[in-house]
Amino acid sequence: ARCPEGGKYKAKPTELQSLHQDVIKRREEAAKLDREIAWQKAEQDSLLKQLEQLREGYTESVKSSEANRVKFQTSVLGLREQLWRETSRTAETSGKLEELRMRQQELSACEAR
């Protein structure tokens with residue numbers, strides 16, 4: 001379009017309508033992009049929340065596992081101590097039995113004389 005005398009530009013009605021349609025299309029596109037960005041942000045927030053929950057679950061699992069390991073080791077140590085005591089008692093009892101057998105043999109030998 002040409003500028004009329006006076007220096008002002010006057011757009012033709014078809015140009016205005018075309019520009020208006022272009023603005024409408026751009027606004028629609030901007031709104032669509034805004035929705036897409038909002039959806040992606042919501043998706044990202046959801047994934048970050050899931051990640052945090054997984055981290056917390058993993059941390060709790062590790063703590064629980066460590067606690068169970070300590071309980072297991074304590075239990076094993078307790079069983080070893082108990083086994084040692086029982087073995088010692090058995091050895092002690094065994095020694096006493098052998099001593100009693102020897103005494104019985106001595107008494108039997110004395111009675112036989």
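This report walks through salt bridges in a predicted model.

## Ground rules

In this predicted model, local features need pLDDT of at least 70 and side-chain atom pairs count only at pLDDT 80 or more, while totals for chains, interfaces and linings use all residues. Residues are numbered from 1 along each chain as its sequence is written, and side-chain values use heavy atoms, with hydrogens and water left out.

## Salt bridges in the model

How many salt bridges does the structure hold? There are 8, a salt bridge being a side-chain nitrogen of Lys or Arg within 4 Å of a carboxyl oxygen of Asp or Glu.

## Pairs along helix H1

Let's begin with Glu60 and Lys63, whose closest N and O atoms are 3.9 Å apart in a salt bridge. Both belong to helix H1, residues 13-112 (helices are DSSP runs of H or I, at least four residues, numbered from the N terminus). They sit 3 residues apart, about one turn of the helix.

Glu66 and Arg69 form another salt bridge, at 2.4 Å from N to O. About one helical turn separates Glu66 from Arg69, because they are 3 residues apart in helix H1. Further along, Lys96 and Glu92 pair at 3.7 Å, N to O, and these two residues of helix H1 are 4 residues apart.

## Exposure of the partners

Lys63 counts as exposed, at 51% relative accessibility (buried means under 20% relative accessible area, exposed over 50%, partly exposed in between, with a 1.4 Å probe and protein chains only). Glu66 is partly exposed at 38%, and Arg69 is partly exposed at 38%. Glu92 also counts as partly exposed, with 48% relative accessibility.
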